[in-house]
Amino acid sequence: MITLQLMACVGLIAGAFILLGLSPAEFTGGLFAFLTRRPRGIRDEINEAVKRKKPSFLRREILEAQDILTLTGRSGRFPLICASSLLLFAAGASIAILLQNVFLIPVLALGLMFLPFWYVRLTAAHYRKNIAAELETALSIITTAYLRNEDILTAVEENIHYLNPPVRGVFAQFLTQIKLINPDVNAALKAMKPRIENEVFHEWCDAIAACQYDRSLKTTLTPIVGKLSDMRIVNAELEYLVFEPRKEFIIMVILVMGNVPVMYFLNKGWYDTLMHTAVGQLVLAVCAAAVFISAAFVIRLTKPIEYRR
């Protein structure tokens, strides 16, 4: 009966979309635009700017995912992420309804809704790690060439073919701007600096710009590039240290989720108590909430270390 009612609800929602002429993409875009809208009052904007008042958790996650997608050049996928999040929200609520667990409805709905945003955050960590590895190679060979000829344009031209995307595209735009648009090296360096979100790269660009006025400052370039090697070593050690806690967390989640079907075969009385009584359903909801909250903390605390000036 509940399955039929749920199917009828889905049909009712689909019919409403058809009657209103509203596409799922438009609805999702409008909903998440409403959730991420700026504060209405000037006081709220000032409080957010000076960090007296933090944005809500949902708005913070959505904005962070949007910034990450823009940084990685995948901003066009943001509507897909939002649509996936809304679909998982509905799927989580539907599963809880089929289980006839009222306490589990908000937990599963909200927990599954955040999965696409957590996935974006995980891919951002790998993206930054790959960018740092490519920057280490690119800045090393360009710096070596610059120390030899003291001309950043020639140094980039000599080594542009050895670079890989997306770092190669950034330096290719640097060459294009100098050769075809504006020969001012400092302006080109200033325009190139924000194209890669990496503090060491920003410091390297500032040092190269300073070298245009004082050649003796070129001795500062090699220690700056060395910071990328140091961060790679530190992140490798960190990855080794957090591997065990991460593995233990995954094992504990599997054990918690696997206890429910195992209990069905071991003791059906306990299973009925867990699934069909208010106390048992509340215990299931608390366990599910603990799993989702722990996953959020694990993802936040196990991200790679980045250099900050």
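Guide: With the largest nonpolar core, which has 34 residues. Ile152, Phe171, Phe174, Met192, Phe201 and Trp204 touch the most other members. A nonpolar core here is a set of buried Ala, Val, Leu, Ile, Met, Phe, Trp, Tyr and Cys residues joined through side-chain atoms within 4.5 Å. Buried means under 20% relative accessible area, exposed over 50%, and partly exposed in between (1.4 Å probe, protein chains only).

Visitor: Which elements give two or more residues to this core?

Guide: Helix H7 (115-149), helix H8 (152-159), helix H9 (167-181), H10, H11 and helix H12 (221-266). Helices (H or I, at least four residues) and strands (E, at least two) are DSSP runs, numbered from the N terminus.

Visitor: And is there another core, apart from it? What is in it?

Guide: Another core, of 24 residues, lies apart from it, with Ala65, Leu112, Val120 and Ala285 among its residues.

Visitor: Before we go on, what sort of model is this?

Guide: This is a predicted model, in which local features need pLDDT of at least 70 and side-chain atom pairs count only at pLDDT 80 or more, while totals for chains, interfaces and linings use all residues. Residues are numbered from 1 along each chain as its sequence is written, and side-chain values use heavy atoms, with hydrogens and water left out.

Visitor: Back to Met192. What is it in contact with?

Guide: Leaving aside neighbours within four places in sequence, Met192 is in contact with Val170, Phe171, Phe174, Phe201, Trp204 and Cys205. Contact means heavy atoms within 4.5 Å.

Visitor: How do H10 and H11 pack, at what angle?

Guide: Their axes come within 10 Å and cross at roughly 175°. H10 and H11 are therefore roughly antiparallel to each other. Axes are lines fitted to C-alpha atoms, for helices over the stretch in contact, and angles run from 0 to 180 degrees between N-to-C directions. Under 35 degrees counts as roughly parallel, over 145 as roughly antiparallel, 65 to 115 as roughly perpendicular, and the rest as oblique.

Visitor: Which residues meet there?

Guide: Asn186, Leu189 and Met192 from H10 meet Phe201, Trp204, Cys205, Ile208 and Ala209 from H11. By class, that contact has 7 nonpolar, 1 polar and no charged residues. Ala, Val, Leu, Ile, Met, Phe, Trp, Tyr, Cys and Pro count as nonpolar, Asp, Glu, Lys and Arg as charged, and the others, Gly among them, as polar.

Visitor: What about H11 and H12?

Guide: They pack at an angle of about 170°, with axes 10 Å apart. The residues of this contact divide into 9 nonpolar, no polar and 2 charged.

Visitor: Now Asn198. Buried or exposed?

Guide: Asn198 is buried, with a relative accessible area of 14%. Asn198 sits in the loop between helix H10 (185-192) and helix H11 (199-211).

Visitor: What does its side chain reach?

Guide: The backbone nitrogen of Phe201, at 3.1 Å. Not counting residues up to four places away in sequence, Asn198 touches Ala132, Leu135 and Leu228.

Visitor: What about Gln100?

Guide: Gln100 has a positive phi of about 60° although it is not a glycine. Gln100 is in the loop between helix H5 (78-98) and H6.

Definitions and conventions: A polar contact is a pair of N or O atoms within 3.5 Å; within protein, one must be able to donate a hydrogen and the other to accept it, and residues adjacent in sequence count only if both atoms are side-chain atoms.
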